[in-house]
Amino acid sequence: MALWRGGERIGGTDDLAPPPPERIRQRRRARRRWVFAAVITFILVNVLAVGAYANSRFAPDHQRTGTQSSASVPAPVRAGGTVVDLRGGKLDARRMPARTIALTFDDGPDPIWTPKVLDVLSRHHAPATFFVLGSQVSRYPDITRRMVREGHELGIHTFTHPELTNLPTWRRRLEYAQTEAAIGYTTGVTTPLARLPYSSAVDAVDDADWAVVRDSGRRGYVSVFEDTDSQDWARPGPDAIVRNATPKGDRGGIVLLHDSGGDRAQTVAALDRFIPEMQARGYRFTTVSQGLGWPAAAPAGVADRIQGGLLVWAVRIADATVRGLWLLLIAVGLLTLARTLLLFGYAVRHARRRRAPTWSWGDRITEPVTVIVPAYNERTTIAAAVRSLASGTHPGVEVLVVDDESDDGTAEEVERLGLAGVRVVRVPGGGKAAALNAGVALARHDLLVMVDADTVVDPDALHRLVQPFGDPRVGAVAGNVKVGNRRRLIGRWQHIEYVIGFSLDRRLYDTLHCMPTIPGALGAFRREAVLAAGGLSRATLAEDTDLTMGIHRAGWRVVYEETAVARTEAPSTLPQLWRQRYRWSYGTMQALWRHRRSLVERGSPGRFGRRGLPFIALFSVLLPLLAPVVDIFAVYGLFFLDRYETVLAWLAVLAIQVITAILAFRLDREPLRPLWALPLQQFVYRQVMYLVLVHSVVTALSGGALKWQKLRRTGEVAAQPTAG
């Protein structure tokens, strides 16, 4: 028969016995949560990929380097066939009639400059041809529709403005097809006109360009080049732009301008002069198709509209997601900066105050103390923990080991020690909170210290820990818990986290009188304060946090005594670490919700609630939950943004962490040697903590339940010599 305790199998011989129904439900909920997380991750990755594709950077003044052969380019094209039509397999190279100008604008639409260009064209009744980017059409559909509504013509300038000669054939065709679909969905019309990115006059067409032009012709597109390049991309001034755009003599021409890609104020100013000047000289302005006598654009088909709709909305969703991530990144930066400044200011202030020669908690405390050690299957570590507690310097210490129905001989191991002042009581299995409540009821003294069974304390730790009770307002004291098993990398990472994230944070919380947690590994309490808080509750998995908040709400002060040092055994594997931090994170959120009414309470409880709960929510839940945005953008930036800027920003974040770590280690009088592992921590450990918190939040939001999970101990800390 299989035996189960708290949803976990603990014994029995029948390997085929099924788990209880609650366990099955937990597994199903866990699977659903992981499937949900996987789907969200998949969607986010694809959305970011679309955003990266649509946001490809380009330079309007790009020039290919090196001399390219043009032997394959036909003579009619090299002689000035500005519009190259290869549809149907026959070459038809044309140019604008005399005194006819087709203004063409590349790289738009742009939300700022395209409307200004359209206003000038409307004022002078001059139609034009806009070679648009599909990604920009997706973003600014209203401007695109205005172009068509006001009689202008659209042409394809690819979706992302790549150098087409560097792309495979399938990608070139995709760039054209996607842009045509976006235009069809947005305006309801199609266009056969296309212009290569970075193209210029036909006399500059080389063999590589000609291969792209031929492929475009086979796909049904007409390639449009230019007769006069205004060179407005160089911003030479309105006079130079007008001069560069003017055709020679009475010749007609296709004029190249830009309505996007940067500041186009000079283009707008030049256009406002160029059009009336050329009209005064007898020139007429037209679109490319009108100038050649071609029919107007045809209506878009249903397939193009559907494909275009999917594409347009994918780009919009991607842009919104990227904008949202940028906002989150700014929020993370501001929260991190605020936390860093608060930690630096208050932690240094706290240390100076405590180290001042005049500092005192009050009268020296020599009252007897009861140390409560809850234990469930702790045979590996219990002996070392009890020895360290019984051999301390504080007088009159009673060590009360509360055995929570262990089946590995934990109680017998303590009894074999035969130490004076050590008692063992056996209670029915009910979990850690129940065992601690039993210890509180059975303790012989009113000053209580709660210590985990895998924790070894320094000889003077208990004496130092109870000294804050010299202040009658103090109801609980947090000790300084350190990681004892630091030899492996995971242990070293946790050691860094404990010193930075726990010890430094507690200095801040202590100064602000809103300490959220007395660690289960080492904490001292007045029995009166524990009872006033209602004892330890089984309503949350973080019974230490829940009790601490209850003591605050009962009107007591909770403080931090950094000189009371204990070493605990941290998880030595990633699965063990995951289970521990999952319980901590979920339990903290349970405690926040359980004590939410303190936000509106009056007096001391209200001061804690309005100060402590927002701090915990911001810096212990929200900031870690948003922190993955930094890593997401680091990876995103390496591939799709400026790599130098991305690496520099990441190193700046790391530098802040290193400085914070050095401060924390110095204040805690710890050697700096372990900090060599801090950069490595950014690539594995931090991501695990992100996932743990996300897992906890999903569990909380989905209403899932999580029971106590026993961690496997190695006894590494117990085997180390006690500090003298």
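The model is a predicted one, so local features are reported only at pLDDT of at least 70 and side-chain atom pairs only at pLDDT 80 or more, while totals for chains, interfaces and linings take in all residues. Numbering starts from 1 along each chain as its sequence is written, and side-chain values rest on heavy atoms, with hydrogens and water left out.

The chain holds 24 helices and 20 strands, taken as DSSP runs (H or I, at least four residues, for helices; E, at least two, for strands) and numbered from the N terminus. Of its 724 residues, 54% are buried, that is, under 20% relative accessible area with a 1.4 Å probe and protein chains only. Among contacts (heavy atoms within 4.5 Å) with a separation of 6 or more, 81% join residues 24 or more positions apart.

Helix H12 (residues 382-390) is largely enclosed by the rest of the structure, because seven of its nine residues are buried. These are Ile382, Ala383, Ala384, Ala385, Val386, Ser388 and Leu389. H12 packs against helix H13 (residues 410-417) at about 40°, the axes being 9 Å apart; axes here are lines fitted to C-alpha atoms over the stretch in contact, and angles run from 0 to 180 degrees between N-to-C directions. H12 is thus oblique to H13, oblique being whatever is left once angles under 35 degrees (roughly parallel), over 145 (roughly antiparallel) and 65 to 115 (roughly perpendicular) are taken out. On the H12 side, Ile382, Ala383, Val386 and Arg387 make the contact, and on the H13 side Thr410, Glu413, Val414 and Leu417 do.

Helices H11 (residues 302-355) and H16 (residues 489-511) cross at roughly 75°, with axes coming within 8 Å, so this pair is roughly perpendicular. Residues in the contact include Leu342, Tyr346 and His350 of H11 and Leu504, Asp505 and Leu508 of H16.

Then there's Thr545, which sits in helix H18 (residues 543-553). Thr545 is buried, at a relative accessible area of 4%. Its side chain makes a polar contact with the side chain of Thr517 at 2.8 Å (a pair of N or O atoms within 3.5 Å, one able to donate a hydrogen and the other to accept it). Setting aside neighbours within four places in sequence, Thr545 touches Pro516, Thr517, Thr588 and Ala591.

Methods:
Buried means under 20% relative accessible area, exposed over 50%, partly exposed in between (1.4 Å probe, protein chains only).
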